[in-house]
Amino acid sequence: MKTAFHLEQLVRPNVIKMQAYASARSEFTGVADIYLDANENPYESDINRYPDPLQKKLKEKIGRLKNISASNIFLGNGSDEVIDLLIRIFCRPGEDEIIVLPPTYGMYKVSAALSDVGVKSIPLQPNFQPKVVDILDNVTSQSKLLFICTPNNPTANNIDESAIIQLLENFPGIVVIDEAYIDFSTQKSSLSLLDQFPNLVIMQTFSKAWGLAGIRLGMGFASTAIIQLFNKVKPPYNINSLTQSAAQQALDNLDQKDQMLRDILEQRTLLQEALSKFDFVEHIYPSDTNFLLVRVTAPKAIYQFLLTQKIIVRDRSNTLLCEGCLRFTVGTAEENQQLISALQKFINRQT
Ligand SMILES: *Cc1c(COP(=O)(O)O)cnc(C)c1O
């Protein structure tokens with residue numbers, strides 16, 4: 001890094017000062033015969049006890065898969081909780097700001113707004129790559145977090161690694177890399193950069209490639225010092241027992257995930273080919289994700305027609321740099337076929 005990195009100087013003073021909640025399960029971590037410490041209901045089932053507040057077993061499994069220490073992992077109730085806690089750890093309400101690079105994921109801005117934290121938007125270039133110089137020119141001492149989503153939603157592309165490195169080297173706050181779609185990507189994860197950059201936080205999720213959006217499990221990877229801050233401020237039992245066991249089961253059955261991943265990538269190619277044949281399709285952006293951003297001649301009409309066919313896609317036609325675009329999530333072979341049939345029907349209807 002150009003300038004020395006002092007984590008304590010970035011953290012909100014109240015977070016440094018506060019005492020973490022000492023839960024029954026964090027005060028006693030051994031094994032006992034009788035647990036009368038947490039006011040639980042004693043009648044045993046799989047879920048009458050509070051869950052492990054630090055999700056040790058689950059983190060061990062994730063750590064083995066990602067080749068990273070459990071002490072560099074934080075687990076949140078979805079990436080949404082990771083985003084929210086980052087903002088609450090680093091940004092003083094009414095004073096600090098985050099930097100986002102639109103068009104991008106909407107939750108960064110929403111979480112900031114809830115915490116009364118400012119949002120500075122530095123749009124991507126028309127090629128959907130960040131303007132590194134512009135970003136750095138706009139940094140102030142209040143700029144605490146920079147969110148980079150790669151592959152980016154809704155533009156579907158990877159952010160160039162050279163831009164990521166330049167920002168990591170020169171942004172004076174924390175650089176958060178959201179890798180929700182990394183499993184679909186040809187780009188490799190930035191996890192290998194963790195050792196070099198104490199200001200790096202990487203987010204991944206069980207919601208997309210793993211097929212587990214319903215369990216709400218997001219991952220944060222960072223230095224042990226940053227992970228300790230997360231653990232200090234998180235709700236004591238933020239990952240429930242059912243989620244922890246469902247995730248462990250998925251991690252014990254990697255073949256299942258790999259098969260789904262292969263199928264989705266194959267379907268992405270097929271869907272792209274089928275869509276490209278329609279005259280109303282002006283451009284299909286290259287995708288490193290499980291969705292396609294498609295510029296069409298009549299986005300609103302197509303969106304509305306698909307609704308009448310009970311098919312819901314995302315209308316991004318009013319989004320900066322995505323004018324005229326719809327976003328199609330890659331579905332099953334059958335679902336994609338129905339989408340194509342419906343679009344054919346849209347054309348027939350017009351003529
Ligand atoms: C879908 C998505 C997520 C996932 O959020 P969860 O809260 O983990 O479900 C995170 N970031 C981006 C950019 C996404 O598109």
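Pro-103 lies in the loop between β2 (97-100) and α6 (107-114); helices (H or I, at least four residues) and strands (E, at least two) are DSSP runs, numbered from the N terminus. A cis peptide bond joins Pro-103 to Pro-102, with omega about 0°. The model is predicted: local features need pLDDT of at least 70, side-chain atom pairs count only at pLDDT 80 or more, and totals for chains, interfaces and linings use all residues. Residues are numbered from 1 along each chain as its sequence is written, and side-chain values use heavy atoms, with hydrogens and water left out.

A cis bond also joins Asn-153 and Pro-154, with omega about 15°. Pro-154 lies in the loop between β4 (143-149) and α8 (161-170). Ala-156 lies in the loop between β4 and α8 too. Its phi is positive, near 75°. Ala-156 is buried, at 0% relative accessibility; buried means under 20% relative accessible area, exposed over 50%, and partly exposed in between (1.4 Å probe, protein chains only). Lys-310 also has a positive phi, about 60°. This lysine sits in the loop between α12 (299-308) and β10 (314-315). Lys-310 is exposed, with a relative accessible area of 77%. Most residues other than glycine have a negative phi, and most peptide bonds are trans.

Helices α5 (residues 79-90) and α9 (residues 224-233) pack at about 100°, their axes 10 Å apart. Axes are lines fitted to C-alpha atoms, for helices over the stretch in contact, and angles run from 0 to 180 degrees between N-to-C directions. The two helices, α5 and α9, are therefore roughly perpendicular (65 to 115 degrees; under 35 is roughly parallel, over 145 roughly antiparallel, the rest oblique). Val-82, Leu-85, Leu-86, Ile-89 and Phe-90 of α5 meet Leu-229, Phe-230 and Val-233 of α9. Contact means heavy atoms within 4.5 Å.

Helix α10 (residues 241-251) buries Thr-243, Gln-244, Ala-247, Gln-248, Ala-250 and Leu-251. These buried residues fall within an arc of 160° seen down the axis of α10, so they line one face; the arc is that of the directions from the helix axis to the C-beta atoms. They pack against α4 (56-66) and α11 (254-276). The face of α10 turned away carries the exposed residues Leu-242 and Gln-249.

Thr-205 is found in strand β6 (residues 200-205). Thr-205 is buried, with a relative accessible area of 5%. Leaving aside neighbours within four places in sequence, Thr-205 contacts Ser-79, Ala-180, Trp-210, Leu-217, Gly-218 and Met-219.
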